[in-house]
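Hi everyone, thanks for coming. Please have a look at the model on the screen, and then we'll walk through a few parts of it together.

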Amino acid sequence: MKNLGKTAKRLEKAVKNNEKIILFGDADLDGVASSIILKETIKKIGGICRVYISDRKRWDYGLSSKAILAMKREAPGVLVTLDCGISNFEGAIEARKRGFELVIIDHHQTLSKLPKASIILNPMQKGDSYPFKKMANAGIVYKLSREILKERFKEKERRFLELASLATIADMVPREEDNKEMLKKGIPFLEKSKITALKVINKEKDKDFISNVISLLNITKSTGKTNEAYLLLTTKNEKRAREKVKKIKKDHALRKRGIEKEAEKIIKNFKDEDVLVFSTGSFSSHWGGAVASRVIKKIKKPIFLYSLDKRLASGSARVPSGDDAVKAMKHCSKYLCSFGGHSAAAGFMAKEKDLGNLEKCLREYFKKTKE
Ligand SMILES: [Mn+2]
């Protein structure tokens with residue numbers, strides 16, 4: 001994989017030279033698992049790093065300028081993005097301006113250009129000959145950790161396998177090749193997990209235990225610098241884990257009702273002649289993806305959902321298999337401030353005044369691809 005060795009060497013050098021390392025992970029389980037694996041890897045070779053988990057509500061998606069501002073007092077240092085960054089052009093410039101050296105570790109599709117970073121580790125980038133492109137980000141970080149720890153990787157292998165497997169399932173990447181191999185080893189470990197929080201969640205030896213964990217932990221509340229999933233997966237204190245699980249379960253039930261209601265509303269209003277659902281709702285922007293996922297299960301059409309805040313729309317796209325949301329947005333990029341993600345699930349930001357044109361452009365694009 002292009003830059004795997006280079007990234008490992010850069011981090012080893014940073015530890016040796018006592019440089020500050022700051023990890024910036026995406027908010028979902030893949031971002032959280034990636035952050036935990038890399039943090040513990042760096043700790044194992046004697047380094048310390050600060051972890052920030054994206055707070056999409058406060059900072060928008062990914063490595064935004066707002067996120068850089070929130071981390072500015074950590075500069076100078078090596079800032080590593082995990083499960084985000086590949087489409088954050090402004091954030092990359094802002095990071096450099098604030099005195100960070102930027103290392104991007106991401107698995108999302110690359111756009112027509114790459115952000116300015118010191119190193120980019122992403123099998124999707126041009127010139128990367130690694131044959132399998134569809135790992136979760138935590139799957140890439142798992143390989144990076146093995147590269148850094150060498151023989152000592154064994155001591156962490158089980159925990160990292162559990163975390164990376166959880167992320168691989170949560171991110172819904174295809175269960176083929178490297179992913180299949182990982183899950184073959186990882187799932188039996190997960191079912192008898194040694195992670196304190198997972199032991200607490202699996203008290204009743206639930207048969208849907210893994211999907212239960214994912215629905216509880218994939219979207220959790222921010223706690224300032226990190227989020228509830230991060231804190232839960234890193235605590236060794238069983239009592240604290242029990243309390244946190246109880247709270248997360250309560251929030252989750254509430255959120256689930258909100259998401260279902262919103263999805264039902266969109267499904268009810270859907271007019272069959274449409275090739276595309278383009279809609280706004282009262283959901284907060286970080287639920288958009290969950291609502292869209294629910295809607296597309298019923299209505300097998302491309303769906304773009306957004307919520308508006310200060311004339312800026314932030315949204316989630318889901319498209320049926322065979323379609324490509326990122327390609328569609330590349331086609332309509334002049335009406336978008338930013339976008340990125342995977343072919344089946346992606347995110348975007350657009351100015352309110354461009355939404356009409358964006359919708360028109362997307363409708364035309366999908367109509368054409370159906371011809
Ligand atoms: Mn991911």
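What is the area buried between domain 1 and domain 2? About 1000 Å², and carbon and sulfur atoms give 57% of that area. Buried area here is the accessible area (1.4 Å probe) that two parts lose on being put together, summed over both.

A word on the source: this is a predicted model, where local features need pLDDT of at least 70, side-chain atom pairs count only at pLDDT 80 or more, and totals for chains, interfaces and linings use all residues. Residues are numbered from 1 along each chain as its sequence is written, and side-chain values use heavy atoms, with hydrogens and water left out.

Back to the interface. Domain 1 covers 4-217 and domain 2 covers 270-370, with bounds from an automatic or database domain assignment. Y61, Q109 and L111 supply 48% of the area that domain 1 buries against domain 2, more than any other three residues.

Now the metal. D30, D83, H107 and D171 coordinate the manganese ion at 2.2 to 2.4 Å; donors are N, O and S atoms within 2.8 Å of the metal (3.2 Å for Na, K and Ca), and water is not among the atoms, so sites may look incomplete. D30 is buried, at 0% relative accessible area, and H107 counts as buried at 1%. Buried means under 20% relative accessible area, exposed over 50%, partly exposed in between (1.4 Å probe, protein chains only).
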